[in-house]
Amino acid sequence: MNDTPAIEAALPAQALPAAPAAVSGSGERRDYRPGYEIVAERILEYIAEERLLAGDRLPTEIDLAKTLDTSRAVVREAVKILSALGRVRAHKGRGLFVADDEGMLVTSRWGGFFRPVDIDHLLMLFEFRRVQEMAASSLAATRATPSELRAIEVAFGRCRYGFAHGEVDVFNQADEDFHAAVAAAAHNAFLVSAVRDARRLQRQASAIGIHDAFGENTGVAVEEHEAIYRAIRDGHPEEAAQVTAAHLDRTLEDYRREIQRRLFG
């Protein structure tokens, strides 16, 4: 998912009643939870309660709707989210299955805590990303090999190409490749894992409605990627860390603004 999200304005036509929204002292609603997000969690609870393993078949959407006492339309939206997160797999003509990819490990470790539409949780996630990726880019500036520098350069070049030609999928994949390449150039397996896991969690927010379009600051993100690359290439660890921090701070503001617009209009 790209770092400059756009919100898909329409929510599913039918949804469970959302959890009550807390009201802050300023009167602003908080902790809004769409019905399909609640159902997605209940499907995960069902998987755990039934002791289903990777590769096991799930009930049909109709049967899940009956079991969870909701509509098939809401279950369908919940399944889309879980598919995007790598928790279930839908095979045409065969049905739904528990997924077996490594995304399961990530969501089992963090997924019960992280709420993708909670602004406070997004703030914590980006704070976590900021720490990990500042360290990764700083180390990359002193450790990157020529081939690793080339991988970073190619990735930001593909970001620029995708943005310039309006190819969202190209940009999204290049964005993933860019951050992964910077982490790899740090030569620290723990940082690679942390960066990968945090970006997967960020995609949860994207799966719930931030996707498939360029945001107003996508062009800025392209320039920020190039600045990070140049600092790493030129061997300036402090500069690499600072431009990475600025990139993530700006990205967080984009997410915060879009989610507030989605929840509060």
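What share of the contacts in the protein between residues at least 6 apart in sequence join residues at least 24 apart? Notes below, starting with that one.

1. **Contacts and ground rules.** The share is 75%, with contact meaning heavy atoms within 4.5 Å. Keep in mind that this is a predicted model, where local features need pLDDT of at least 70, side-chain atom pairs count only at pLDDT 80 or more, and totals for chains, interfaces and linings use all residues. Numbering runs from 1 along each chain as its sequence is written, and side-chain values use heavy atoms, leaving out hydrogens and water.

2. **Overall layout.** The protein has 10 helices and 4 strands, taken as DSSP runs numbered from the N terminus (helices H or I, at least four residues; strands E, at least two). Along the sequence the order reads β-β-α-α-α-β-β-α-α-α-α-α-α-α. Of its 265 residues, 48% count as buried, i.e. under 20% relative accessible area with a 1.4 Å probe, protein chains only (exposed is over 50%, partly exposed in between).

3. Strand 3 (residues 88-91) and strand 4 (residues 95-98) run antiparallel, joined by 4 bridges; strands pair if DSSP finds at least two bridges between them. Val88 sits opposite Val98 in strand 4. The hairpin leaves 3 residues between the strands, and Gly93 in the turn has a positive phi of about 85°.

4. **The aromatic pair.** There is 1 in the structure. The ring centres of Phe156 and Tyr229 are 5.2 Å apart and the planes sit at 40°, so this pair is tilted. For the cut-offs: rings of Phe, Tyr and Trp (its six-membered ring) pair with centres within 6.5 Å, and planes under 30 degrees apart are stacked, over 60 edge-to-face, the rest tilted. Since Phe156 belongs to helix 6 (residues 146-164) and Tyr229 to helix 9 (residues 218-233), the pair ties together parts 73 residues apart in sequence. Both Phe156 and Tyr229 are buried.

5. **The cavities.** I'd look at these too: there are 4 of 30 Å³ or more. A cavity here is a set of points on a 1 Å grid over the protein atoms alone where a 1.4 Å probe fits but cannot get out, and lining residues have an atom within 4 Å of a point.

Key
On a 1 Å grid over the protein atoms alone, a cavity is a set of points where a 1.4 Å probe fits but cannot get out, and a pocket is an open set with protein on both sides within 12 Å along at least five of seven lines; lining residues have an atom within 4 Å of a point. Grid points are joined across faces, edges and corners, and a volume is the space filled by probe spheres set on the points.
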